[in-house]
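Welcome to this short tour of a structure. Keep the sequence and the 3D view side by side as you read.

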Amino acid sequence: MKYLIIPKYIVTNDINDSILINHAVEIKDGRITSIVDLKNSDLKNYSGEIFNYPELTLIPGFVQTHIHLCQTLFRGLADDLQLLDWLQYRIFPYENAHDKYSLRASVRVGINELLRGGTTTILDMGTLRHQEVIFEELIKSGLRAFAGNCLIDQNDLFPQFKSTTKEQIDYTYSLAKDFHNSADGKIKFGFAPRFVLSCSEELLKESFKMKNDFDGSVYHTHSSENKNEIKEVRKRYGKENIEYFNSINTIDDHSVFAHCIHTSENEIQIMKQTKMRVAHCPSSNLKLASGIADIPRYLKEGISVSLGADGAPCNNNLSALTEMRLAALIQKPIHGADVMDAKTVFKLATIEGAKALHLENEIGSIEVGKKADLVLMNLNLSINSYVGDDESIFSDIVYSSGIQNINSVIVDGKWLVKDYQSLLYDENEITENAKSELEKLLKRA
């Protein structure tokens with residue numbers, strides 16, 4: 001099946017940052033097969049379906065490189081706490097209380113929220129048990145995703161929430177064999193040790209080694225998020241967080257480290273030399289009072305930076321648009337009004353996210369041969385600018401848009417949201433189910 005989308009603007013995100021008018025994008029078998037100049041084309045005899053959206057702007061889908069789908073159920077239940085208390089008194093007990101039904105409910109409302117907000121690719125941290133449920137729901141949804149079970153074999157904060165090193169290694173390898181490159185390659189594995197304080201050195205090393213058996217997989221962890229966390233790492237190992245990962249040879253260019261707020265000069269050089277990827281989560285970093293990562297410095301050093309909403313209990317929404325706005329704004333009082341301009345931040349949420357996951361040849365821009373992971377945005381709402389030209393597009397997307405601007409979402413050529421409606425879920429049904437499962441989970445916690 002092939003079809004044509006005719007929008008008002010096409011934000012290609014190509015090497016020239018071209019914004020096209022009077023063009024259409026042709027999609028066939030999940031890929032972009034042509035970008036048609038309408039001035040020189042007669043569509044009267046076009047054999048496919050034509051979707052005409054003269055008021056909408058077509059952009060690449062957003063890529064979020066740090067998400068916790070298992071936590072969506074806990075939105076609003078862990079406010080106003082710093083990281084280690086947040087984990088000890090809320091998140092670990094809640095995640096520990098998940099059964100397959102509550103986990104499924106959490107994943108569904110999370111996926112729905114991500115898609116309705118224009119996110120087409122995620123890197124998910126997973127959870128300790130029932131990880132196959134997350135994979136099943138990701139496959140059913142059509143979302144493009146990296147995911148893996150969260151690895152924890154030591155837990156001083158909440159000892160019930162852990163497993164043995166051997167069980168973790170065996171379970172992880174089994175899941176990777178079953179799900180890596182599933183759903184026609186849309187689903188890939190992310191080996192996911194939670195963070196230094198919850199993993200033995202053996203588990204960190206073995207999960208990193210496993211990555212080499214699964215081409216295209218990534219190593220996904222938290223690092224240097226909170227000063228108390230870093231203090232404890234220093235106490236245990238005599239090193240800073242990233243220094244420790246480096247000392248045990250568990251960093252490379254397929255490593256995605258969430259946060260990286262408190263880093264030393266030596267660690268910045270390690271990040272640069274190893275070509276590791278940083279997943280910047282500004283909402284989470286502010287809400288947990290963790291701090292503000294020096295993203296302008298990282299970008300200047302050529303360190304890969306992409307964006308993630310983290311989990312709903314430390315952010316309270318999963319919107320890439322919210323993360324873009326905050327990623328831009330929080331740096332300006334520190335570094336000047338001209339840093340983190342709208343176009344730069346838009347790229348962090350699209351092509352730079354694709355690069356972080358080594359998918360830049362597949363997604364992240366609107367170019368012939370790439371996968372059709374696309375979003376149609378209405379930038380003509382009363383909350384947007386009134387200029388009426390392409391100069392304001394990046395500003396409109398980054399500074400003044402929200403979920404209400406997302407009209408339609410396409411992944412791999414398939415429409416998953418169309419004209420503001422999910423084609424996957426009955427939103428009332430999954431919301432009511434989430435409430436019901438949360439009530440049961442809280443009784444188990």
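Where is the place of isoleucine 15? Isoleucine 15 sits in the loop between β1 and β2 (19-21). A word on the ground rules: this is a predicted model, in which local features need pLDDT of at least 70, side-chain atom pairs count only at pLDDT 80 or more, and totals for chains, interfaces and linings use all residues. Residues are numbered from 1 along each chain as its sequence is written, and side-chain values use heavy atoms, leaving out hydrogens and water.

Helices (H or I, at least four residues) and strands (E, at least two) are DSSP runs, numbered from the N terminus. For accessibility, buried means under 20% relative accessible area, exposed means over 50%, and partly exposed lies in between (1.4 Å probe, protein chains only). With a relative accessibility of 80%, isoleucine 15 counts as exposed.

Let us start with strand β3 (residues 23-28), where five of the six residues are buried. Two strands count as paired if DSSP finds at least two bridges between them. On one side, β3 is joined to strand β1 (residues 2-11) by four bridges, and the two run antiparallel; here tyrosine 3 has isoleucine 27 of β3 as its bridge partner. β3 also pairs with strand β4 (residues 31-37), again in the antiparallel sense, over six bridges. β3 and β4 make a hairpin with two residues between them, and aspartate 29 in the turn has a positive phi of about 50°.

Now move along to strand β16 (residues 406-411). Six of its six residues are buried, so β16 is largely enclosed by the rest of the structure. Strand β15 (residues 374-377) runs antiparallel to β16 and is joined to it by four bridges, with methionine 377 partnered by isoleucine 406 of β16. Three bridges join β16 to strand β17 (residues 414-418), also antiparallel, and isoleucine 410 has tryptophan 415 of β17 as its bridge partner. The hairpin of β16 and β17 has two residues between the strands, and aspartate 412 takes a positive phi near 60°.

**A helix with a buried face**

Which residues of helix α5 (residues 201-210) are buried? They are Leu203, Leu204, Ser207, Phe208 and Met210. Seen down the axis of α5, these buried residues fall within an arc of 160° (taken from the directions from the helix axis to the C-beta atoms), so they line one face of the helix. As background, an α-helix has 3.6 residues a turn, so residues three or four places apart point the same way. The buried residues of α5 pack (contact means heavy atoms within 4.5 Å) against β9 (150-151), α4 (165-179), β10 (187-193), β11 (218-223), α7 (241-247) and β12 (255-259).

**Salt bridges**

The structure holds 31 salt bridges, each being a side-chain nitrogen of Lys or Arg within 4 Å of a carboxyl oxygen of Asp or Glu.

| Arg | Glu | N to O |
|---|---|---|
| arginine 104 | glutamate 136 | 3.0 Å |
| arginine 104 | glutamate 137 | 2.7 Å |
| arginine 116 | glutamate 427 | 2.9 Å |

Arginine 104 lies in helix α2 and glutamate 137 in helix α3, so that pair ties together parts that are 33 residues apart in sequence. Glutamate 137 is buried, with a relative accessible area of 1%, whereas glutamate 136 is partly exposed at 32%. Glutamate 427 lies in helix α16 (residues 427-444) and arginine 116 in helix α2, so this pair ties together parts that are 311 residues apart in sequence. Arginine 116 is buried, with a relative accessible area of 15%, and glutamate 427 is partly exposed at 29%. Through shared partners, salt bridges join Arg104, Arg108, Glu136, Glu137 and Lys140 into one network.
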